[in-house]
Amino acid sequence: MLGEPLLHFPELDSTNTDLKRRAALGAPEGLTVLADSQTHGKGRLGRTFQSLPGKGLYLSVLLRPQVPLEVAGRFTAWAAVAVCRALEKELGLAADIKWPNDILVHGKKLCGILTEASGSAVILGLGLNLTQTPADFGPDLAAIATSLSQLGFAPDPTRLTHAILSELDELYRRFPADSAACLADFRSRCVTLGKDVLLVRPTGSTPAKALDVTDTFALLVDISGRRETVSSGEVSVRGLLGYTP
Ligand code: BTN
């Protein structure tokens, strides 16, 4: 069962980094690490993830999937679906997905997901904004991020954690056999599709139109009449006018 055992700390460098260390020492699948704050919270593509004390849910789950790592990488997208389902069931909140795995509400980011491989283990980390005010986020982040309290919700973090872990567990048990259903759910929530976007790489940005999510959860785009698939490890996607596509 994902979430068993669960270790809860007041502060860690990063729940992903902590779990990586435990994975190297042979920790079991399902082990989950939760922190009230992170001093070195990590985001995708080498970014930092703001992790203010007591304001967000910062947790990581250790997976030891029996499938090749390139297939296991898809679990990031499955996790995005699991978080959306948990928010819907627990709070009645409808959330969208910005490809590949940001959870948005009204166009602002509520939750980010970072999956890292560590040997044959996979560390699935998620950071969900609970009570940050715009002032907590600061001017840059406030323009693109939201929290459950800003959306009018005051959930019990423990309940929400268990709701998320339970949805993750249910999907993980059916991984990857239930791909078609999960992909359909992902596509129906994915706000990126049909939009003009910028594909942002370290080498520069390319305008494109987002067409579809492939069955490996890559993004099919049209770049000046040429079709290409891009993977989550290589690009981030921006709207032409900012964060939201
Ligand atoms: C992103 O939005 O780029 C991904 C953010 C992932 C943040 C979570 S918080 C818990 C876990 N530990 C980390 O250091 N990062 C992830």
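How many nonpolar, polar and charged residues does the shell around the ligand have? By class there are 5 nonpolar, 10 polar and 4 charged residues, with Gly counted among the polar ones. This is a predicted model, in which local features need pLDDT of at least 70, side-chain atom pairs count only at pLDDT 80 or more, and totals for chains, interfaces and linings use all residues. Residues are numbered from 1 along each chain as its sequence is written, and side-chain values use heavy atoms, leaving out hydrogens and water.

**View 1. The shell around the ligand.** Surrounding the ligand are 19 residues, and the closest are Ser14, Gln38, Lys42, Arg44 and Lys109 (a residue is near if one of its heavy atoms lies within 4 Å). The biggest share of this shell comes from β6, with 4 residues (strands are DSSP runs of E, at least two residues, numbered from the N terminus).

View 2. One oxygen atom of the ligand lies 2.7 Å from a polar side-chain atom of Ser14, while a polar side-chain atom of Thr15 lies 3.0 Å from a ligand nitrogen atom. Lys42 takes part through a polar backbone atom, 2.7 Å from an oxygen atom of the ligand.

**View 3. Strand β8 and its partners.** Strands pair if DSSP finds at least two bridges between them. Antiparallel strands β8 (residues 196-201) and β9 (residues 204-213) are joined by 6 bridges, and they form a hairpin with 2 residues between them. Look for Leu198, whose bridge partner in β9 is Pro207. β8 also runs antiparallel to β12 (residues 236-239), joined by 4 bridges; there, Leu199 has Val237 as its bridge partner.

Note on methods: A polar contact is a pair of N or O atoms within 3.5 Å; within protein, one must be able to donate a hydrogen and the other to accept it, and residues adjacent in sequence count only if both atoms are side-chain atoms.
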